[in-house]
Amino acid sequence: MNRVIVVVDEIYDFIEGGSLACQHSVEAVAATKQLIEQNPDTPVLFVCDHHPADHCSFAAQGGPWPPHCVAGTHGAEIHALLQPFVQEELVFYKGCDPALEQYSGFEGRNEAGQTLGDVLELLEPEEVVVVGIATEYCVRNTVEDLRRAGWKVVIAEDCLGWVDAQGHAQTLRELA
Ligand SMILES: [Zn+2]
């Protein structure tokens, strides 16, 4: 089957040791690597939270989160285990506008300015496999936008990380 894998926010600030470290994040990265290796001809699209230092979602600007995924810092980088699978044109950045919060990766843009949605139209997958961090926020919003746009979505649950175990379980029930 013609599939793509969308990896949401498997970047250092959301992984153990990062400023917004999520639960099951180390396991999610390892499981994602395995999933990609098991599907060698499947395009892998990476969504990356990528903020300016004064982003509106940070506490200093009245937002709910500590500073995270600031462009140019280690915290904004894709985990090293996944780096071998990164192709620059398939990396989509979101949250780049200081005044705009973007949980969904669907409107994220690559360096050429194409959105993830644009690139899916070109690839025409029968199924979009979504993995990443965190279930309740960026995974959820990305999945909802993908479905709204008409794509068939499968969530690889062992490749997810979450803020809160109950919120994770609740989100999976709602998305099902
Ligand atoms: Zn963010």
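Reader: Where is His51 found?
Author: His51 sits in the loop between strand 2 (44-49) and strand 3 (91-94). Helices (H or I, at least four residues) and strands (E, at least two) are DSSP runs, numbered from the N terminus. This is a predicted model, where local features need pLDDT of at least 70, side-chain atom pairs count only at pLDDT 80 or more, and totals for chains, interfaces and linings use all residues. Residues are numbered from 1 along each chain as its sequence is written, and side-chain values use heavy atoms, with hydrogens and water left out.

Reader: Is His51 buried or exposed?
Author: His51 is buried, because its relative accessible area is 1%. Buried means under 20% relative accessible area, exposed over 50%, and partly exposed in between (1.4 Å probe, protein chains only).

Reader: Which residues is His51 in contact with?
Author: Leaving aside neighbours within four places in sequence, the list is Ser57, Phe58, His68, Cys69, Val70, Ala71, Lys94, Gly95 and Glu101. Contact means heavy atoms within 4.5 Å.

Reader: And which backbone oxygen does the His51 side chain reach?
Author: That of Gly95, at 2.8 Å. This is a polar contact: a pair of N or O atoms within 3.5 Å. Within protein, one atom must be able to donate a hydrogen and the other to accept it, and residues adjacent in sequence count only if both atoms are side-chain atoms.

Reader: Cys69 was on that list. Where is the place of Cys69?
Author: Cys69 also belongs to the loop between strand 2 and strand 3. Its phi is near 50°, a positive value in a residue other than glycine. Cys69 counts as buried because its relative accessibility is 0%.

Reader: Is Asp9 buried or exposed?
Author: Asp9 is buried, because its relative accessibility is 0%.

Reader: How many residues apart are Ser25 and Asp9?
Author: They are 16 residues apart in sequence, and their C-alpha atoms are 10 Å apart in space. Ser25 is in helix 1. Ser25 counts as buried because its relative accessible area is 1%.

Reader: What does Ser25 touch?
Author: Ser25 touches Phe14, Ile15, Glu16 and Ile133, not counting residues up to four places away in sequence. Its side chain has a polar atom 3.1 Å from the backbone nitrogen of Glu16. The Ser25 side chain also reaches the backbone oxygen of Cys22, at 2.8 Å.

Reader: Ile133 came up there. Is the peptide bond from Ile133 to Ala134 cis or trans?
Author: That bond is cis, with omega near -10°. Ala134 lies in the loop between strand 4 (127-133) and helix 3 (135-148).

Reader: On to helix 4. Is Thr171 buried or exposed?
Author: Thr171 is found in helix 4. It is buried, because its relative accessible area is 3%.

Reader: Which residues does Thr171 touch?
Author: Setting aside residues up to four places away in sequence, Thr171 touches Thr135, Glu136 and Arg140. A polar atom of the Thr171 side chain lies 2.7 Å from the backbone oxygen of Gly167.

Reader: What about Arg173, buried or exposed?
Author: Arg173 counts as exposed, because its relative accessibility is 56%. Arg173 lies in helix 4 (residues 165-175).

Reader: Let's zoom out. How many helices and strands are there?
Author: The protein has four helices and five strands. From the N terminus on, the order is β-α-β-β-α-β-α-β-α. The radius of gyration is 15 Å, close to the 16 Å that the globule rule gives for 176 residues, so the protein is as compact as a globular protein of that length. That radius is taken over C-alpha atoms, and the globule rule is 2.2 Å times the number of residues to the power 0.38.

Reader: What does the C-alpha trace span?
Author: About 45 × 35 × 30 Å along its principal axes.

Reader: How many of the residues count as buried?
Author: 51% of the 176 residues.

Reader: How many positive and negative side chains are there?
Author: There are 9 positive and 28 negative side chains, and the centres of the two sets lie 8 Å apart. Lys and Arg count as positive and Asp and Glu as negative, while His and the chain ends are not counted. The place of a charge is taken as NZ of Lys, CZ of Arg, CG of Asp or CD of Glu.
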